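Please read it with the sequence and the coordinates open.

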Amino acid sequence: EKDLGADLHEVLITKDEIDSRLAELAGEIDARYEGQDLLIVGVLKGAVMVMADLARALATPVTMDWMAISSYGAGTQSSGVVRILKDLDTDIKDKHVLIVEDIIDSGLTLSWLLANLGSREPASLEIVTLLRKPDAAKVDIDVRWVGFDIPNEFVVGYGLDYAEKYRNLPFVGTLAPHVYGG
Ligand code: PRP
Ligand code: MN
Ligand code: MG
């Protein structure tokens, strides 16, 4: 494993734990979409790792598209202000769409995205997220598949960043408070 250095507090979820949970979720997703065309939509940039690994764990043939939206900027708090940096390339009307996220924190990002994509009249619209922080929720979101519920601590790795760093860690870890001034 990579050197944690002084910036990380501890490993919260190991690579092996992520792999086996994604395999379980993939089985459930395969069962849900059997015989149907499925578009998976990754939310850049955090969901890159989940998209790549989940897509390869699926037996269902999928097409893949990406949206880039941002609510955090460089800080650790969700602002609730969502900007589209890159929209989908494809029309999702009458398609089965599965949004793939790395984490639901306040829920503001996905709440906005659900409304936005829902207005495009997909045949179905579901969410899979690797992580969710129940204690940080500001809005209730109906999430079909959750990898892990985690405590309300600042986490990085496996796609998740702090000020754009740590995304390439193969595990999910907690950040030492001194890094973000906590
Ligand atoms: C992070 C994370 C989720 C969102 C969750 O993305 O990847 O998309 O915040 O927070 P919320 O539930 O409080 O809205 P971010 O906006 O930091 O962009 P990034 O994926 O490029 O890091
Ligand atoms: Mn994100
Ligand atoms: Mg971020």
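This is a predicted model: local features need pLDDT of at least 70, side-chain atom pairs count only at pLDDT 80 or more; totals for chains, interfaces and linings use all residues.

Two strands are taken as paired if DSSP finds at least two bridges between them. An open sheet of 3 strands has the order β1-β9-β8 and antiparallel pairing. Helices α1 and α2 come within 9 Å of each other, axis to axis.

- Strands β2 and β3 run parallel and are joined by 7 bridges.
- Within that pairing, Gly42 stands opposite Trp66 in β3.
- Strand β2 is mostly covered, with 5 of its 7 residues buried.
- Strand β6 (residues 124–132) pairs with β7 in the parallel sense over 4 bridges.
- Arg132 has Asp149 as its bridge partner in β7.
- Strands of a sheet pair through backbone hydrogen bonds, in either the parallel or the antiparallel sense.

- The edge strands here are β1 (8–13) and β8 (155–156), and each pairs on one side only.
- Strand β9 (residues 172–175) and β8 pair in the antiparallel sense over 2 bridges.
- Val155 stands opposite Thr174 in β9.

**Helices on strands**

- The buried residues of α2 are Met49, Val50, Met51 and Leu54.
- These buried residues of α2 pack against helix α1 and against strands β2, β3, β5 and β6.

**Helix on helix**

- Two packed helices are described by the angle between their axes and the distance between the axes.
- The axes of α1 and α2 come within 9 Å and cross at roughly 55°.
- This angle makes α1 oblique to α2.
- The crossing of α1 and α2 is right-handed.
- On the α1 side, the contact is made by Leu22, Ala23, Leu25 and Ala26.
- On the α2 side, Asp53, Leu54 and Ala57 take part.
- The residues of this contact divide into 6 nonpolar, no polar and 1 charged.
- An α-helix has 3.6 residues a turn, so residues three or four places apart point the same way.

**Gly27 in α1**

- Gly27 is found in helix α1.
- Gly27 counts as partly exposed because it has 13 C-beta neighbours inside 10 Å; a residue with 12 or fewer would count as exposed, and one with 20 or more as buried.
- Gly27 and Thr60 are 33 residues apart along the chain, and their C-alpha atoms are separated by 9.5 Å.

**Backbone details in loops**

- The peptide bond joining Leu44 and Lys45 is cis, with omega about 0°.
- Lys45 lies in the loop between β2 and α2.
- Asp94, in the loop between β4 and β5, has a phi near 65°, a positive value in a residue other than glycine.
- Tyr158, in the loop between β8 and β9, also is not a glycine and has a positive phi of about 50°.
- Is each of these two sites, Asp94 and Tyr158, buried or exposed?
- Asp94 counts as exposed because it has 11 C-beta neighbours inside 10 Å.
- Tyr158 is buried, since 25 other C-beta atoms lie within 10 Å.

Terms used. Residues are numbered from 1 along each chain as its sequence is written. Chains are lettered from A and ligands numbered from 1 in the order in which they are written. Axes are lines fitted to C-alpha atoms, for helices over the stretch in contact, and angles run from 0 to 180 degrees between N-to-C directions. Angles under 35 degrees count as roughly parallel, over 145 as roughly antiparallel, 65 to 115 as roughly perpendicular and the rest as oblique. A crossing is left-handed if the near helix is turned anticlockwise from the far one by less than a right angle, and right-handed if clockwise. Two residues are in contact if their C-beta atoms, placed from the backbone, lie within 7 Å. Ala, Val, Leu, Ile, Met, Phe, Trp, Tyr, Cys and Pro count as nonpolar, Asp, Glu, Lys and Arg as charged, and the others, Gly among them, as polar.
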